Amino acid sequence: MKMKIILRAYDHRVLDQSAKRIVEIVHNLNKDGKANQKLKGPVPLPTKISRWTVLRSPHVNKDSREQFEIREHRRLIYILEPTKDFIEEIKKLRLPAGVAIEIKMA
């Protein structure tokens, strides 16, 4: 069995801290002898960039425009053979605001 964890955030620093916390959980469980699970990652996935162009003034200055963009950063972590202890730790994990976590079992 394999667990796939995808982390998403707009701030890459907060995202890297969250990924580091998950990696620390795996290493602590392996060090305590409670588990022997293998870890692959965190793998940085391509950044999704969304861009918008908006008119500054709809009447006189139609040539004047503003451009905005949002960057969504993603990290992928694979856990091979996750244990019940690890799943309990992940459920208890409190991530910072703005970090979305998606867990899939494969």
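Leucine 93 lies in the loop between α2 and β4. The model is predicted, so local features need pLDDT of at least 70 and side-chain atom pairs count only at pLDDT 80 or more, while totals for chains, interfaces and linings use all residues. Residues are numbered from 1 along each chain as its sequence is written, and side-chain values use heavy atoms, with hydrogens and water left out.

**Leucine 93**
- Leucine 93 counts as buried, because its relative accessibility is 15%. Buried means under 20% relative accessible area, exposed means over 50%, and partly exposed is in between (1.4 Å probe, protein chains only).
- Leaving aside neighbours within four places in sequence, leucine 93 is in contact with Arg21, Ile22 and Ile25. Contact means heavy atoms within 4.5 Å.
- Leucine 93 and serine 18 are 75 residues apart in sequence. From C-alpha to C-alpha, leucine 93 and serine 18 are 9.6 Å apart in space.

**Alanine 97**
- Alanine 97 also has its place in the loop between α2 (84-92) and β4.
- Alanine 97 is exposed, because its relative accessible area is 79%.
- Alanine 97 and alanine 9 are 88 residues apart in sequence, yet 9.1 Å apart in space, C-alpha to C-alpha.

**Helices and strands**
- The protein chain has two helices and four strands. These are DSSP runs, numbered from the N terminus: helices are H or I with at least four residues, and strands are E with at least two.
- Along the sequence, the pattern is β-α-β-β-α-β.

**How the strands pair**
- Strand β1 (residues 2-9) and strand β3 (residues 65-80) run antiparallel, joined by eight bridges. Two strands pair if DSSP finds at least two bridges between them.
- Arginine 8 has arginine 74, in β3, as its bridge partner.
- β1 also pairs with strand β4 (residues 100-105), in the antiparallel sense, over six bridges.
- Isoleucine 6 has glutamate 102, in β4, as its bridge partner.
- In a regular strand, side chains alternate between the two faces of the sheet.

**Backbone details**
- Glycine 41 and proline 42 are joined by a cis peptide bond, with omega about 0°.
- Proline 42 has its place in strand β2 (residues 38-55).
- Glutamate 81 has phi near 55°, a positive value in a residue other than glycine.
- Glutamate 81 lies in the loop between β3 and α2. Glutamate 81 is exposed, because its relative accessible area is 56%.

**The whole chain**
- The protein chain has a radius of gyration of 19 Å, whereas a compact globule of 106 residues would have one near 13 Å. The radius is taken over C-alpha atoms, and the globule rule is 2.2 Å times the number of residues to the power 0.38.
- The C-alpha trace spans about 70 × 25 × 15 Å along its principal axes.
- Buried residues make up 26% of the 106 residues.
- Among contacts between residues at least 6 apart in sequence, 73% join residues at least 24 apart.
- The protein chain exposes about 7600 Å², and carbon and sulfur atoms supply 49% of it. Accessible areas come from the Shrake-Rupley method with a 1.4 Å probe; for residues, only the protein chains shown count as cover.
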